[in-house]
Structures are given as C-alpha cells and as structure tokens.
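Have the structure open as you read.

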Amino acid sequence: MDATKKLLRNLPEHLLYFLAADAICMILTFAVNLMVRPFLLEMARGDAAKEQTLETVLFAVFAALFLVVLAVIFAKSPMQRTAYLSATIGKKYSFFGDLKAFLKGGLWIGMAAYAIFSLIPTFFLWLFPDILGLPTFFYPQYALTELCGVWIAYFVGIGAYAVFSLLLFPCLHLFWEKNRLYR
C-alpha cells in the first residue's frame, strides 16, 4: 500500500511537469514551423529526397525537444531539489545506491505518468488522423507518430522517457548532493 500511495502522490506532479514542457514545446515548434521550416523547405524545393530528409530531421528534433525542455524544468525545479535533499538528510550518498533506489521507485512513477500523459493524444491521433489542429496540442508525440506510426510511437516515447530519466535523475541527484549546504 505504501508504494501505491507514493505513486499516486507523485503522479500528478509529474503530469504537471509534462504539461509545462508540452506548453513550452508547443510555442517553440510553432515558431520553428512558422519561421524556419518554410525557409528550409524552399531551399530543398524540387528534390523530394531532401524534403523528406528535412521533414524527418525536424520531427526528430521536435521529439527530442520535449525531453530537453523536461530536463531543464526538472533541473531548475526547486520543488524536486528540495524534496530530494530533504529525503536524504543524514544519509550516506552512493551513486549506484541512488540509481538502484531510482530503478525501484522513481523510474516507474515517471514512466506511468508519461504513459498516461501521452495516451490521450496518441488515442486521438489514431482515431482522428485528419484533424489539422490536433497535433499542436502534443507536438512531440505527433513528431514521433510521423517518424514511426501511432502506437509504435507511444511505446517508443515511453522507452525514450525511461532511458532519459535513467540518465537525468541520478545525475541531478549527484549534482544536488555535491552542492548540498549541510552534510
């Protein structure tokens, strides 16, 4: 029961971080699609292979942008930092011990939150693929969908978030631990 309570307590927090990262990505992709994409497509006009390569590269960048923005949000979040430092007061730090603890709990909470957050846009992209404004609400998931298909993109996104969080959170914890004021 303790693990379920912890999962439910952290799930809304993760969903809010995802929503903030999605809003930032929505603005950035809108700007790129408005200003940069037409210029790049004009340069590649007449060559279908270059245009397709350009579209693929842009979609890959937009999919990765979500993770980059999310990393910045997590790194700059005083709530994340304070929660971690408060939970580890007086404990001896070990990077591999922290990684093992993260594998037991934090990884699964984040993956569940990402799965819930991306399920709704994935479902709507699958059900209504021709609605023009729909992709703008979760552009990173749409970019993954354009790269590898609707449901494959859903699972690729969950896997990418898992790898991302395995790299990010233990490194953030190490950084926060090294800069701890009180030991």
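Helices here are DSSP runs of H or I with at least four residues, numbered from the N terminus. Please keep in mind that this is a predicted model.

- Asp22 is buried, yet it has no salt bridge.
- The nearest side chain of opposite charge belongs to Arg37, and that is 14 Å away.
- Leaving aside residues up to four places away in sequence, Asp22 touches Phe66, Phe117, Phe137, Phe138, Tyr139 and Pro140.

**Phe66, a neighbour of Asp22**
- Phe66 touches Asp22 and also Phe18, Ala21, Cys25, Tyr114, Phe138 and Pro140, again not counting residues up to four places away in sequence.
- Phe66 is also among the residues with the most contacts inside the largest nonpolar core.

**The largest nonpolar core**
- This core has 43 residues, and Phe18, Leu70, Phe74, Tyr114 and Tyr161 are listed with Phe66 as those with the most contacts inside it.
- Two or more residues each come from α1, α3 (48–76), α4 (78–87), α5 (95–127), α6 (139–148) and α7.
- The biggest share comes from α3, which gives 13 residues.

- Glu177 is found in helix α7, which spans residues 150–178.
- Glu177 counts as buried because its relative accessibility is 9%, and the cut-off for buried is under 20%.
- The side chains of Glu177 and Tyr84 are joined by a polar contact of 3.5 Å.

Conventions:
Residues are numbered from 1 along each chain as its sequence is written. This is a predicted model: local features need pLDDT of at least 70, side-chain atom pairs count only at pLDDT 80 or more; totals for chains, interfaces and linings use all residues. Side-chain values use heavy atoms; hydrogens and water are left out. Buried means under 20% relative accessible area, exposed over 50%, partly exposed in between (1.4 Å probe, protein chains only). Lys and Arg count as positive and Asp and Glu as negative; His and the chain ends are not counted. A salt bridge is a side-chain nitrogen of Lys or Arg within 4 Å of a carboxyl oxygen of Asp or Glu. Contact means heavy atoms within 4.5 Å. A polar contact is a pair of N or O atoms within 3.5 Å; within protein, one must be able to donate a hydrogen and the other to accept it, and residues adjacent in sequence count only if both atoms are side-chain atoms. A nonpolar core is a set of buried Ala, Val, Leu, Ile, Met, Phe, Trp, Tyr and Cys residues joined through side-chain atoms within 4.5 Å.
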